[in-house]
Amino acid sequence: MPIDSADRQTPAVSISAKQARNLALVGQGFATNPDRDVTKRRILKTIRATNMLQVDSVNVLTRAHYMPVFSRLGVYDPDLLDELVWGTARQRKLFEYWGHEASMIPVEDYPLYRWRMHDAQRGMGTWGRIARVQREQPDLLDNILRHIDQEGAVAASSLETEGRSSAKWWGWSDTKTAMEYLFWSGQVMARKRRSSFEREYDLPHRIIGDMAHEPAPDRQDAMCDLICKGMAAMGVAAEIDVRKYFRLPTDETKACLARLVEEGRLLRADVEGWKQPGYLCPTVNPRSRAKPTCIMVPFDPVMWERDRVERIFGFTYRIEIYVPSEKREYGYYVLPFMLNGEFVARVDLKSDRKAGMLRVQSAHLEHHAKAGDVAGPLMENLRRLSVFLGLEGVEVMPANDFSIYLGSCP
């Protein structure tokens with residue numbers, strides 16, 4: 001790879017659109033053999049490749065954080081992932097915090113997020129209403145921390161005082177707000193999630209041990225390290241891509257990128273079809289190839305930023321959960337299907353636990369794809385998904401021509 005050391009503002013490498021698609025998948029931890037046994041070691045390696053798993057409460061299929069591991073490794077025991085994030089201190093290799101959104105993050109990366117916790121403690125950041133609790137109700141925060149210190153892990157609902165537990169889903173009680181602030185500022189951590197998906201909180205040192213007391217690294221050093229990790233996961237990325245991957249401040253992201261290029265930790269790239277410059281790690285081989293075949297949830301790291309997905313894969317995707325049913329184009333919980341590295345279809349899925357079936361509410365073929373090429377591999381992946389979910393089989397509803405075709409696959 002040619003490197004222009006004289007002028008690091010000049011792109012050091014040119015990347016074709018096809019190479020950009022490959023690189024966007026190379027660092028994502030996709031396995032070549034989805035039928036190989038999946039161990040905790042492999043699960044953790046996969047999560048480290050993406051830097052985190054996004055957490056979301058949508059449960060029409062399964063909790064979102066279980067799916068990226070399935071998409072990359074195939075059928076596995078979800079209890080193994082649960083042990084990594086909610087197990088004993090020795091088993092716990094992940095912690096929950098604000099990464100991309102609420103995310104499960106490798107414990108060794110904890111120091112790289114301390115700047116965000118410190119910002120929250122100073123009332124900085126985007127959650128102004130939550131941060132106000134430190135100014136307006138400091139006694140409430142002290143009482144909660146004292147209770148946790150003396151009594152152990154607790155959920156916000158358990159601390160609700162009589163007469164103040166009437167908050168609806170669109171509004172938080174004072175206790176809930178206070179607990180979210182303490183979590184955001186790193187003063188408490190999530191020990192586990194209850195069946196209602198409510199967090200149960202404890203003090204950091206009881207969850208991640210001595211690392212909770214380690215001094216925080218320099219703010220810019222931490223952001224630079226995060227950016228390099230993100231760049232390894234994304235393969236090639238524009239400034240806006242890496243900024244949104246970790247929800248980093250705009251000006252500081254730009255300063256970090258300039259520093260990383262100057263230090264030779266990143267290279268500037270001219271990417272075919274991109275209006276903005278790209279960046280990539282010097283160790284990346286532009287000719288690397290990845291051609292995964294898998295079903296992805298909307299909360300998969302590959303899918304996080306819809307503009308990036310469209311720019312790199314030519315695939316337009318919008319989640320329609322909050323769209324009125326009569327205005328939905330594809331369905332309620334629609335998962336893209338990738339075949340050999342290209343998005344070729346999308347399926348609206350639901351786990352019908354009572355009937356023991358994975359229901360395909362509708363299936364839609366992309367305009368450039370052929371039903372005969374897509375239906376077989378898609379059905380194979382749907383059957384594998386039903387096994388992973390502990391269901392008995394797949395039922396395809398006859399919503400359209402491709403759905404009928406898919407349902408006829410042997």
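Two strands pair if DSSP finds at least two bridges between them. The views below come from a predicted model.

**View 1. Strands β3 and β4 form an antiparallel pair.**
Strand β3 covers residues 94-98 and strand β4 covers residues 102-106. Five bridges hold the pairing. Within it, Y97 stands opposite S103 of β4. A hairpin of three residues leads from β3 to β4. Strand β3 is mostly covered, with five of its five residues buried.

**View 2. Five strands build an open sheet.**
The order is β11-β12-β13-β14-β15, and the pairing is mixed. Strands β11 and β15 (393-396) are the edges, each pairing on one side only. Strands of a sheet pair through backbone hydrogen bonds, either parallel or antiparallel. Strands β13 (residues 342-352) and β14 (residues 357-365) run antiparallel and are joined by eight bridges. R346 has H364 in β14 as its bridge partner.

**View 3. N340 sits in the loop between β12 and β13.**
Strand β12 spans 334-339. N340 is not a glycine, yet its phi is positive, at about 50°. Its relative accessible area is 46%, so N340 is partly exposed.

**View 4. N51 also has a positive phi.**
The angle is about 80°, and N51 is not a glycine. N51 lies in the loop between α2 and β2 (53-54). Is N51 buried or exposed? N51 is buried, because its relative accessible area is 3% and buried means under 20%.

**View 5. T46 is a residue of helix α2.**
Helix α2 runs over residues 40-50. T46 is buried, with a relative accessible area of 6%. Leaving aside residues up to four places away in sequence, T46 touches G29, R72 and L73.

**View 6. Helices α11 and α12 cross at roughly 110°.**
Helix α11 covers residues 219-234, and its axis comes within 10 Å of the axis of α12. The two helices are therefore roughly perpendicular to each other. From α11, the contact takes in L226, I227, G230, M231, A233 and M234. From α12, it takes in D241, V242, Y245 and F246. The residues of this contact divide into eight nonpolar, one polar and one charged.

**View 7. Helix α12 is largely enclosed by the rest of the structure.**
Why is α12 described as enclosed? Six of its eight residues are buried, so the rest of the structure largely encloses α12. The buried residues are E239, D241, V242, R243, Y245 and F246. Just after the helix, R247 takes a positive phi of about 55°.

E239 is buried at a relative accessible area of 16%. R243 is buried too, at 18%.

**View 8. E305 forms a salt bridge with R247.**
The closest N and O atoms are 3.1 Å apart. This pair links distant parts of the chain, 58 residues apart. E305 lies in the loop between β11 (294-295) and α14 (306-313). R247 lies in the loop between α12 and α13 (250-263). E305 is buried at 16% relative accessibility. R247 is partly exposed, with a relative accessible area of 34%.

**View 9. E200 and R194 meet in a salt bridge.**
The N to O distance between their side chains is 3.5 Å. What is the relative accessibility of E200? The value is 12%, so E200 counts as buried. R194 is partly exposed, with a relative accessible area of 29%.

How many salt bridges does the structure hold? The total is 32.

Notes
Residues are numbered from 1 along each chain as its sequence is written. This is a predicted model: local features need pLDDT of at least 70, side-chain atom pairs count only at pLDDT 80 or more; totals for chains, interfaces and linings use all residues. Side-chain values use heavy atoms; hydrogens and water are left out. A salt bridge is a side-chain nitrogen of Lys or Arg within 4 Å of a carboxyl oxygen of Asp or Glu. Buried means under 20% relative accessible area, exposed over 50%, partly exposed in between (1.4 Å probe, protein chains only). Helices (H or I, at least four residues) and strands (E, at least two) are DSSP runs, numbered from the N terminus. Axes are lines fitted to C-alpha atoms, for helices over the stretch in contact, and angles run from 0 to 180 degrees between N-to-C directions. Angles under 35 degrees count as roughly parallel, over 145 as roughly antiparallel, 65 to 115 as roughly perpendicular and the rest as oblique. Contact means heavy atoms within 4.5 Å. Ala, Val, Leu, Ile, Met, Phe, Trp, Tyr, Cys and Pro count as nonpolar, Asp, Glu, Lys and Arg as charged, and the others, Gly among them, as polar.
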